[in-house]
Amino acid sequence: MQSLTTTTLAQLIAAQCVGISATQTNAYLAQKLAGVQSDYVWMFANEPDAEQQHEASLYAVEAALHDTELFINNMHFALNTEEEAAGVEALLAVLRRVHFKACHFYVHNLLANEALANFNFEDCTFHVLWQQPLDEATRSGLVLYKTCKFEQGVELSGDGLDVGYDALFSDCDISQLTLNGLSLKGAKVFANTADGITTIGALRLENCHIHTKFTLDNVLGIESVDILSCEFSKKFAMINCRVKQLDIVNTNFKGLVDFYKSELESFRIVKSIFKDFSGFEDCVFGKNGASAGKIELRYVTFYSFINFRNASFNLPLDLRNTNRDEQPNFLDCKFSKAAELGTDRETYRIIKQSFEAVGNRIEANAFFALEMDAYRRELRENRRSKIALFPDAEEFLLFLNALISRHGQSYGRPLLWLLGTAALFALQQANWPHRWVALPTSLADWLVPVADFLNAWARGLVFFEPLYAKFKSQEALVLLVAVLLSTFTWHLLVAVRRHNRR
């Protein structure tokens, strides 16, 4: 296992810098490690002596390092003592630009007391949590970490400084990524290739200002994404990703936001602002069969169009505490049974209104029925909280509407009620003169006075007298059947009209 020492570094420099020997490099490193500064007097000597010639040879090493990117390949950094750490840190501080290739790191950082400048890593493995500050180094065209593996995670901090790389990560395997206090004006967080494989266990962004496009595509198995107190100036996209838990808190999105075809088992946005188009098309919210949790958007403001087209909701949706400048699009969205039962009335009203705004009456009516079902649940919960045994008139009427025609959405139900009532009345009329089926005498003796009273009351409704003409001593029953048939017919006509309305 090769480690970085003065000798190995001198050999690397001599091998990669033209015209530089290992002897020169050893002397240069010894001078730098000793803290000796050149006075550059030799530059002005017409006939430099031996010492001045030695100074000139050391300067040649410095000039070569200034113009050369040093490649360190297949090196292991396992700093077991403070002396080792100080030695390697001192060696790296001498270098201008370094490209680590296929190296292994068993340390938390390099240059612990300074920001990591002008270094980049390719095919490296970090075996412990990597915690590294970044500075404003300019490495145009380079990615900081390319096809690297972080077994215990990586934490990058920048104290608000702009990072000058083109991108931070490309096709990396990261168990947990934390970005804190970064201001990315030219560098992207991810620059993954189409053929590369990116794995992220968890992602956390806090107090970051991302002024470049943030794009994460086709990453499956992300346990959590936490975005806290951040600002995204340009497009934010998580496309075809699978995230177990997504939390966005106190974050502003100034550009387009796109979660196309992502699967989000838990989804929560709080105190955030979306300035541009927000797309959740073909997203799946919640895990199929899930029964706990909800899709929550609380104190969220949308200044532009919101698209939930063809989205699937396996958890209840909560839009009560959102502000919207435009109506959202919920065309062809699907709610599981658990989501239907848990979504509140105001959310259904918002969705219904979005369809009414574009003249889509059929979908609006479907969500009207869901709104009324949610209202029934709301009234029932209020009644139970008051420990009341019986429903009030409003709850009872909603129950009847749901029972008869599902609030005008089913024309099959009222048709069956209509035909069934007519059939039962026909059977009763056939049985009336012949008494094929008769009540027991004890029960009949008790019912006759009640029936006489009800018939007398029904005859009091004089405008129904033509209806009673052929049904003597059955006025109350005829009145009841007439009311039922009229109610079922009205529900049938309403349902048919709603299903044929454009």
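Predicted model: local features only at pLDDT ≥ 70, side-chain atom pairs only at ≥ 80, totals over all residues.
1. The largest pocket has a volume of about 670 Å³. Its lining is made up of 20 residues, and those closest to the centre are Trp 432, Leu 439, Leu 447, Val 448 and Ala 451.

2. Three helices each supply at least two residues of the lining of the largest pocket: helix 9 (412–434), helix 10 (441–459) and helix 12 (475–499). Sorted by class, the lining of this pocket holds 13 nonpolar residues, along with five polar and two charged ones.

3. For the second largest pocket, the element that gives the most to the lining is strand 19 (residues 214–217), with three residues. The class count for this lining is six polar, five nonpolar and two charged residues.

4. Helix 7 is a separate matter. This helix covers residues 361–385, which makes 25 residues. From its first C-alpha to its last, helix 7 reaches 35 Å, close to the 36 Å expected at 1.5 Å a residue. Just after helix 7 comes Ile 387, whose phi is positive, at about 55°.

How values were computed: Residues numbered from 1 in each chain as written. Heavy atoms only, no water. 1 Å grid on protein atoms, 1.4 Å probe; cavity = no way out; pocket = protein on both sides within 12 Å on 5 of 7 lines; lining within 4 Å. Points joined across faces, edges and corners; volume = space filled by probe spheres on them. Helix = DSSP H or I, 4+ residues; strand = E, 2+ residues; numbered from the N terminus. Nonpolar A, V, L, I, M, F, W, Y, C, P; charged D, E, K, R; others polar. Expected span 1.5 Å × (residues − 1).
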